[in-house]
Structure formats: structure tokens, C-alpha cells
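Please prepare a briefing on helix packing and aromatic ring pairs for the structure shown below.

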Amino acid sequence: MKPDFKFNFRKRKKKLTTLLGLTLDGSRLDGVVLRRTNGSLQLLQSFSVQLTLDPLTGAPELVGREIRNQLDAAGVRERDCIVGLPLKWVLTAQTELPPLPDADAASLLQMEAERSFHTDIAQLQISDSRSPLAGDKKFVLLAGIPNTHLGSLEQVLAAAKLKPVSFGLGLTALQPPGKTDGVLALAIGESHVGLQITTRGVAALRALEGAIENEAGRRNLHANVVAREARITLGQLPSELSASVKRVRIFGPRELAQQLADEMELKFEPMGLKVEAVSAYAPNEFGVTLPPETSLSAAFSLAARGLTEQKPAFEFLPPKPTIIEQFITKYSSGRLRTTGAVAASVAAIVLGLFLFQQIQLWRLRSQWSHIKVKVTELQNIQDQIRQYRPWYDDSFRSLAVLRQLTLAFPEDGVVTAKTIEIRDGSTVSCSGNARDNASLLAMLSKLRASGGVSALKVDQIRGRSPMQFTFDFKYGNGGANEN
């Protein structure tokens, strides 16, 4: 059976008034304890520590004990916690969703997840964020985290005597999706820079691993790498979404954030984007009164949004089994099978008391039997239409792809193709040589503007003259079969 593809947000049995916000970033653990009272937030404790054990590789009992010791040293007694997961744990994929009923949309997204993620999606906890497009379509960002990572973290938290109420992402708490202009958000971490593009949903999410180098305990930020990757990520989005991005917001230590802001201003202000290094919360950030001189942090944002009941952009906390499921698991083997059999017999006797209701149902079934054949035929036809419509295509797709590539490449030979691979009739991979970067960018820009071309992504660029490149793109709606 395929796993259900749906947004899992854990329902709380009671409204929380105090919450511990935690974020993991490399070996650093940041935390705050907030309390909500009378429309305001009160900061009870805050701390930032370096862990000696890795939550993924260390023994859960030892890692949990280390965290518990750090919490005790900080005077933290709160058990309910909301955790910001490391961005580098997240696997992402992007797709477009046509106007469909909810059930069909869920099925289509599950198929896209199976195709896009290079692992069994049953091994992932998947959440999604949807950005509206023209024509009632939606641009969907699928985000998945391995269940093994989440399972290890839950064991660590249990050993630390903590009870998670939500697993989210610190960057989406710092910069949630808005209702107006889009935002390119950057968060400077311990070993990487987090990149997020939001419109009315989260459209892109990346961890830029090569942007920070640690030398002798000092972090060196490669701002030019961040600027380049940000431009590439923007270029991979549909033009409708990329054109809506009007601001660049940078979160992190003041000195590094300002260094990155200076570089981003040079690259993005000519494009009409306003760049700012964020150092404080807006007065109405969470809809409640904040403590004076509140320090900006992902842990604070997570806890504040949890206490103000703001739904997270992504939720990765695995759903908990119901009481019935726990009962079945506990009493389905051993000596207690006899008890289960007796209970089943009693239940069968009780069901016999509902004979009158069954008689009514039999009458209705008799009426149904007269129309069942026609209904079944219509349902089978509808199922076949829904099953085969995405794969039917009478166009010569491979020739159309080659034509678009031929029109995009310059005739003077400054950019040439070596290999072209077409997979599944819609995914195209091309490699070749270019005389210089300007010629390559001009070709890519022309190809990106071509009809039917989407999700163009540069995978690799090596050398200078000539430059060796590899890029991928989608052609058409995908899923067509060729004869």
C-alpha cells in the first residue's frame, strides 16, 4: 500500500501557554523558552551551546543526556518543544499542479514525489508548500526528510525528557510566506547559508554548503557564491514567481550579514530588488507584544509562531498512532490473543442487536443493484481517462525538443552541444562547450524563453575557454509516450 501523501500537523490536546523552541545547526543547539500571557510573549530562558555528540550518529541516550544537562544548566524545565530541523536534512523537488480535485491532486503529487526523489517515498516524511499561478494552477515545492533522521531525533528528545509538538524549519519561521511581494531570504548558519524564496508559498529551499568555510574557528563567507546561487535559483522558477520577488532579506550575525548584504546589493539592486540585513523583529511580526530588546533568532520565531498558533509552512513531525492502533499492536500476539478472541466474540453479539438497521441496508443494496452495472461502467471509463490522459501525446516530442535546442544555440558555433539525452519524453539533459560565459548565458536565456521549456537548471560549469557545461530542463507537460 502506498503511503498517504498529506500534510501532517499534529493536533494538540490542549492550548500551550509555554513552549521551548530549539534549533539544530551543525553542532550548535540554540533554544528559548517563551510564555504567552494576555496577548504578549514573555522570554523565560535563552541559551546557545555546542554539542559534542551528533544527534544522527551518537547513541540517543548519550546525546539526550548531554542535551538534558545543557537544559538543566540553563534552568529549563519545560518539556513541550518545537524543533527547527537542519536545512541540510531536507530533500526538495518542484512541480506544477493543474486545477484538480483534492483527491486527484494528492495522487498526482504522490506520483511526482515517487519520480523526483531518488529514494522510496515510504522512507520519507513529506510536506509541501503551494504557490498560486495564473489559470488556477499551483507551483508546488515538495520537501522530504528521511524517517531515519526523524526517528533518531525523537529518540534523542525522549532521552532528554522532551516532548516534541512540531518539527519545522528555522528559516521558514524567520521568513514565512506572505500575501504580497515575494522575498528571497538568506540565513547564515554554522557551515552553510540557507536560501529560501517565498511568494504566497515557499517556492525554493536550498542549503548552500560551499558558501562558508571554517578556518581556525573563524567563519569565512563567500558572498559571491551565495549571490551566484541565488540568481540561478531565481532563474529556475517560473517567470511569474521570480518577477514577484522584490526583496532580499538576510538573517545572521551582524558582521557576516552586512558583508553578504553589500554583495547582494551589487548584484540585485540593479534588478529592482531591495536588500536588507534583518536585525530585529517588526512590531507586529507575531500579532502579540514582544519582550523588550528581543534578539532575532530562529528558535524564538519557532516558539513564538507555535504559541500564536500560526501554521508552519512545512511540518515534519511523524503522525502518532491512534489508541486503537496502539491497542492492536500491544495485544496482537502471545497469550493475549485469547483475550482478543473473546472480545471479538462479544463484539459480534453486540452487532447482532443492530439487525433492524441491517434490514434497511439490505433494502438500499437492492435498489443499488439495479443501477450498479451502469455506474461501474462509467466509473471504469473515468478511471481509464484519468490514468492514461497524462501519458497520451500525439506530438513528435523528441523532434520538438531538438528543434528548440537548435533554435537556441547560436549559428556561429560559439556554443556547441556534445550530448543530448531525453528521458521520459520530457526531461532533457544537454552537455557541451562554450567559448565564454556571456555566450553560454545568452543561449540559456534564449532557451529559457522558448515555448514549452521550463525548470531549466545548470548542473555543472567547468573550465574557462572553452567552458564545459551541463544543464537540464523540462519540455512540455511531461509524461508523454513516443512511438
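Are Phe471 and Phe473 buried or exposed? Both Phe471 and Phe473 are buried, where buried stands for under 20% relative accessible area, exposed for over 50% and partly exposed for what lies in between, with a 1.4 Å probe and protein chains only. The model is a predicted one, in which local features need pLDDT of at least 70 and side-chain atom pairs count only at pLDDT 80 or more, while totals for chains, interfaces and linings use all residues. Residues are numbered from 1 along each chain as its sequence is written, and side-chain values use heavy atoms, with hydrogens and water left out.

**Aromatic pairs**

- The count comes to six aromatic pairs, under the rule that rings of Phe, Tyr and Trp (its six-membered ring) pair if their centres lie within 6.5 Å, with planes under 30 degrees apart counted as stacked, over 60 as edge-to-face and the rest as tilted.
- Phe314 and Phe316 form a stacked pair, at 6.2 Å centre to centre and with 10 degrees between the planes, and both Phe314 and Phe316 are buried.
- The ring centres of Phe471 and Phe473 are 6.2 Å apart and their planes stand at 25 degrees, so this pair is stacked.
- Tyr281, Phe286 and Phe300 are linked into a cluster by ring pairs.

**Helices H5 and H7**

- Helices are DSSP runs (H or I, at least four residues), numbered from the N terminus, and axes are lines fitted to C-alpha atoms over the stretch in contact, with angles running from 0 to 180 degrees between N-to-C directions.
- The axes of H5 (residues 223-235) and H7 (residues 254-268) come within 9 Å and cross at roughly 45 degrees.
- H5 and H7 are therefore oblique to each other, given that angles under 35 degrees count as roughly parallel, over 145 as roughly antiparallel, 65 to 115 as roughly perpendicular and the rest as oblique.
- In the contact (heavy atoms within 4.5 Å), H5 contributes residues including Ala223, Val226 and Leu234, and H7 contributes residues including Leu260, Met264 and Phe268.
- By class, this contact of H5 with H7 has eight nonpolar, two polar and three charged residues, where Ala, Val, Leu, Ile, Met, Phe, Trp, Tyr, Cys and Pro count as nonpolar, Asp, Glu, Lys and Arg as charged, and the others, Gly among them, as polar.

**Helices H1 and H3**

- The axes of H1 (residues 60-73) and H3 (residues 147-159) come within 7 Å and cross at roughly 50 degrees, and H1 and H3 are therefore oblique to each other.
- Pro60, Glu61, Val63, Gly64 and Ile67 of H1 meet Gln155, Val156 and Ala159 of H3, a contact that divides into five nonpolar, two polar and one charged.

Notes: Helices (H or I, at least four residues) and strands (E, at least two) are DSSP runs, numbered from the N terminus.
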